[in-house]
Amino acid sequence: MRTEKTLKLAVQYASDITDVPTRPQFRRWVKAALMQPAEIVLRLVNKAEGRELNKQFRGKDYATNVLTFVYDDTQPLTGDIVLCAPVVGAEAQQQNKDLLAHYAHLTVHGVLHLQGYDHTEDAEAAEMEQLETHILAKLGYPDPYAERL
């Protein structure tokens with residue numbers, strides 16, 4: 001019997017950046033990467049909030065593109081994904097990437113982190129990148145790692 005992957009997703013817009021994906025776009029990307037039932041809050045933040053969260057939880061004093069917070073031992077899987085809109089936009093521009101494709105990639109990346117994937121070791125990173133690339137291809141987006149070749 002197939003288990004239906006149910007999703008409760010709340011998208012919070014807490015940034016003054018207006019060129020961001022819609023709730024239906026985020027929902028589509030999250031569902032594509034989700035392999036189990038989950039309750040997720042996805043929050044778009046400004047640089048100040050992104051920097052504060054990164055400093056408080058990772059000890060790094062700068063705003064980063066995506067942060068994932070997993071609430072262990074919960075059923076369904078529960079967590080928060082924070083995307084820093086100004087950082088995502090700047091990265092897309094610097095890397096000559098389509099803004100929506102970059103948001104899709106970072107959303108998928110965050111959802112995979114929620115499910116236990118990591119990239120601290122080379123083998124883990126290769127597995128996670130391959131899975132991201134596969135999911136993004138199914139969504140119609142190019143390989144986000146292709147520029148490294």
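This is a predicted model: local features need pLDDT of at least 70, side-chain atom pairs count only at pLDDT 80 or more; totals for chains, interfaces and linings use all residues.
**Entry 1: aromatic rings**

I started with the rings and got a count of four aromatic pairs. One of them is Phe26 with Trp29, an edge-to-face pair at 5.5 Å centre to centre, with 85° between the planes. I looked up where these two sit: both are in helix α1, which covers residues 23-33, and they are three residues apart, about one turn of the helix. Phe26 and Trp29 are both buried.

Phe26 turned up again in a pair with Tyr103. That pair is edge-to-face too, with 6.1 Å between the ring centres and 85° between the planes.

Buried or exposed, I asked myself about Tyr103? Tyr103 counts as buried because its relative accessibility is 1%. For Phe26 I noted 0%, so Phe26 goes down as buried as well.

Which residues do the ring pairs link into a cluster? I wrote down Phe26, Trp29, Tyr103 and Tyr141.

**Entry 2: salt bridges**

Next I went through the charged side chains. Opposite charges on side chains can pair when the charged atoms come close. The count here is three salt bridges.

I took Glu39 and Lys8 to begin with; their side chains meet in a salt bridge at 3.9 Å, N to O. The cut-off is within 4 Å, so this distance qualifies. The bridge links distant parts of the chain, with Glu39 in strand β2 (residues 38-45) and Lys8 in strand β1 (residues 7-14), 31 residues apart.

Then I looked at Glu49 and Arg43, whose side chains form a salt bridge at 2.8 Å, N to O. Both fall in the partly exposed class: Glu49 has 24% relative accessibility, and Arg43 has a relative accessible area of 25%.

Arg51 and Asp61 make another salt bridge, and their closest N and O atoms are 2.7 Å apart. Arg51 is in helix α2 (residues 47-58) and Asp61 is in the loop between α2 and β3 (66-71), so this bridge ties together parts ten residues apart in sequence. I have Arg51 as partly exposed, with a relative accessible area of 40%. Asp61 is partly exposed with a value of 40%.

**Entry 3: a negative patch**

Where does negative charge gather on the surface? I found a patch made of Asp118, Glu121, Asp122, Glu124 and Glu127. Glu121 lies in the loop between α4 and α5 (122-138). Its relative accessibility is 51%, and exposed means over 50%, so Glu121 counts as exposed.

**Entry 4: Leu106**

Last, I went back to helix α4, which also holds Leu106. Leu106 has 4% relative accessibility, so I put it down as buried. I also looked up its distance to His119, which is 13 residues away along the chain. The C-alpha atoms of Leu106 and His119 are separated by 14 Å.

Definitions and conventions:
Residues are numbered from 1 along each chain as its sequence is written. Side-chain values use heavy atoms; hydrogens and water are left out. Rings of Phe, Tyr and Trp (its six-membered ring) pair if their centres lie within 6.5 Å; planes under 30 degrees apart count as stacked, over 60 as edge-to-face and the rest as tilted. Helices (H or I, at least four residues) and strands (E, at least two) are DSSP runs, numbered from the N terminus. Buried means under 20% relative accessible area, exposed over 50%, partly exposed in between (1.4 Å probe, protein chains only). Patches are made of residues with over 30% relative accessible area and no salt bridge: like charges are joined within 9 Å, nonpolar side chains (Val, Leu, Ile, Met, Phe, Trp, Tyr) within 5 Å. Accessible areas come from the Shrake-Rupley method with a 1.4 Å probe; for residues, only the protein chains shown count as cover. Lys and Arg count as positive and Asp and Glu as negative; His and the chain ends are not counted. The place of a charge is taken as NZ of Lys, CZ of Arg, CG of Asp or CD of Glu.
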